[in-house]
2 protein chains.
Amino acid sequence: MKYELYYWPEIQGRGEYVRLALEEAGAAYVDVARGPRGTAAMMKMMDAQKGTPPFAPPFLKAGKLVIGQTANILLYLGARHGLAPKTEAGRLWVHQLQLTITDLVVEIHDTHHPLGPSLYYEDQKAPAKKRTAEFWGERVPKYLGYFEQLLAGGGGTYVTGRRLTYVDLSLFQIVDGLRYAFPKRMKAFESDVPGLVGLHDRIAARPNIKAYLESERRIPFNEQGIFRRYRELDH
Amino acid sequence: MKYELYYWPEIQGRGEYVRLALEEAGAAYVDVARGPRGTAAMMKMMDAQKGTPPFAPPFLKAGKLVIGQTANILLYLGARHGLAPKTEAGRLWVHQLQLTITDLVVEIHDTHHPLGPSLYYEDQKAPAKKRTAEFWGERVPKYLGYFEQLLAGGGGTYVTGRRLTYVDLSLFQIVDGLRYAFPKRMKAFESDVPGLVGLHDRIAARPNIKAYLESERRIPFNEQGIFRRYRELDH
């Protein structure tokens with residue numbers, strides 16, 4: 001079976017957490033909306049009047065199943081591709097961490113869109129500055145400090161110990177994205193989270209991830225995604 | 001086994017989605033932080049340097065398990081108390097809907113805190129007005145319209161058909177909360193979502209929920225929670 005991933009074709013966005021898991025697992029998949037008429041196919045599935053239409057991308061078609069919400073897709077893939085623990089307690093714990101990353105991703109998005117997703121960034125620059133200051137002053141230390149502590153407490157290579165999970169892949173993306181969006185702020189902050197920086201580098205060096213990052217399947221960061229580089233927010 | 005729920009003792013907040021599920025199920029539980037020294041016990045569990053400390057309340061202790069993140073707790077409870085379908089496809093679908101409600105809850109919170117959770121509402125009143133206008137203009141119709149369509153498409157009494165799930169309980173709370181926080185706006189909007197209003201009333205009339213809502217276990221809405229009534233945001 002070939003998975004079908006549906007996500008906006010021009011950004012990494014929330015779809016990237018799913019792409020990283022599929023790539024690490026070496027799973028066969030099509031990034032549907034990046035192909036011809038793919039976005040139209042995606043919109044059609046969301047517009048279904050019956051059944052179980054997803055509210056928003058990303059969603060994954062796995063045989064007859066259509067699964068929406070990033071963390072839910074990872075819950076499904078993790079169990080099937082050895083990217084999560086096998087015990088119920090382990091699966092719930094890793095999913096809990098992914099939901100905490102989900103919360104962080106919303107807050108990253110809100111740095112440039114504090115007044116909501118329907119207005120342009122250009123129409124909310126002043127509140128974006130305030131929100132970004134609060135984000136770096138309070139929220140980044142709290143979130144990344146939490147994951148740094150888990151890495152240190154476990155004493156392992158990955159967040160849950162010696163075995164990679166999808167949470168490690170997502171934390172790679174968080175570090176990578178913060179480096180892209182806030183190069184100055186992140187440079188100054190990295191010495192506070194040496195464990196996370198090390199994790200980022202270990203993930204980037206894994207053969208499947210390395211090949212993916214060097215391929216055209218990895219969409220470059222840009223100013224339509226979650227992580228946006230706006231100079232005025234990075235000082 | 002008696003569950004232990006850990007959540008801030010003075011608000012409904014995110015803990016309320018868990019309370020509603022526990023109450024509907026008739027499950028035995030203690031709302032720990034509402035008891036003597038409960039908040040200190042809660043903070044201590046979050047401050048653990050080893051193991052699996054939760055990032056934030058709510059979290060649920062079920063025997064040896066400590067489960068964090070509202071939707072994750074409901075995933076666990078749903079399977080154990082008949083509040084979710086038994087098939088994998090059904091469980092994933094209901095969890096996906098709960099995660100969509102989670103996204104909506106963040107946006108509700110952001111109406112009064114667009115500049116982030118660390119600043120007071122009084123310090124962000126002007127951006128809160130803009131965010132609220134966008135929320136009611138764009139986001140409420142999109143989110144509630146989606147759930148309204150699911151109710152209509154399924155043709156059943158509840159979102160997934162004839163059987164109640166934890167998603168129905170959460171949608172009750174959304175309607176109840178929006179009525180509290182934005183009485184005028186919600187009154188004008190309700191005719192667009194008759195299915196959801198009907199669902200709200202059916203949930204409120206269920207014996208366990210009715211008894212809960214009339215008890216002291218139901219903390220009244222107030223201006224420290226997710227749903228806050230600020231007159232200037234409701235017109």
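Is B:Arg217 buried or partly exposed? At 39% relative accessibility, B:Arg217 counts as partly exposed. (Buried means under 20% relative accessible area, exposed over 50%, partly exposed in between, with a 1.4 Å probe and protein chains only.) This is a predicted model: local features need pLDDT of at least 70, side-chain atom pairs count only at pLDDT 80 or more, and totals for chains, interfaces and linings use all residues. Residues are numbered from 1 along each chain as its sequence is written, chains are lettered from A and ligands numbered from 1 in the order in which they are written, and side-chain values use heavy atoms, with hydrogens and water left out.

Stay with B:Arg217. B:Glu23 forms a salt bridge with this arginine, the closest N and O atoms being 2.7 Å apart. (A salt bridge is a side-chain nitrogen of Lys or Arg within 4 Å of a carboxyl oxygen of Asp or Glu.) The pair links distant parts of the chain: B:Glu23 is in helix H1 of chain B, B:Arg217 in the segment after H9, 194 residues apart. Helices (H or I, at least four residues) and strands (E, at least two) are DSSP runs, numbered from the N terminus. B:Glu23 counts as buried, at 8% relative accessibility.

B:Arg218 pairs with B:Glu16, with 2.8 Å between the closest N and O atoms. B:Arg218 lies in the segment after H9 and B:Glu16 in helix H1 (residues 15–25) of chain B, so the pair ties together parts that are 202 residues apart in sequence. B:Arg218 is buried, with a relative accessible area of 10%. B:Glu16 counts as buried at 0%. In chain A, a network of salt bridges links A:Glu16, A:Arg19, A:Asp31, A:Asp176 and A:Arg218. Over all chains the count comes to 24 salt bridges.

Now the aromatic rings. The structure holds 22 aromatic pairs over all chains. Rings of Phe, Tyr and Trp (its six-membered ring) pair if their centres lie within 6.5 Å; planes under 30 degrees apart count as stacked, over 60 as edge-to-face and the rest as tilted. A:Tyr180 and A:Phe221 are stacked, 4.9 Å centre to centre with 15 degrees between the planes. A:Tyr180 sits in helix H6 (residues 166–181) of chain A and A:Phe221 in the segment after helix H9 (207–213), 41 residues apart. B:Tyr121 and B:Tyr230 are also stacked, at 3.9 Å and 5 degrees. B:Tyr121 lies in the loop between helix H4 (88–112) and helix H5 (125–154) of chain B, B:Tyr230 in the segment after helix H9, so the pair ties together parts 109 residues apart in sequence.

Finally, the two chains together. A rotation of 180 degrees with 0.0 Å of shift along its axis superposes chain A on chain B (RMSD 0.0 Å). In chain A, the C-alpha nearest the axis is that of A:Pro114, 2.6 Å from it. The contact takes 47 residues from chain A and 47 residues from chain B, where contact means heavy atoms within 4.5 Å. Across this interface the rule finds two salt bridges. B:Glu88 forms a salt bridge with A:Arg80, at 2.6 Å between the closest N and O atoms. Ring pairs link A:Phe55, B:Tyr143, B:Tyr146 and B:Phe147 into a cluster.

Terms used: Copies are superposed by least squares on the C-alpha atoms of residues with pLDDT of at least 70 in both.
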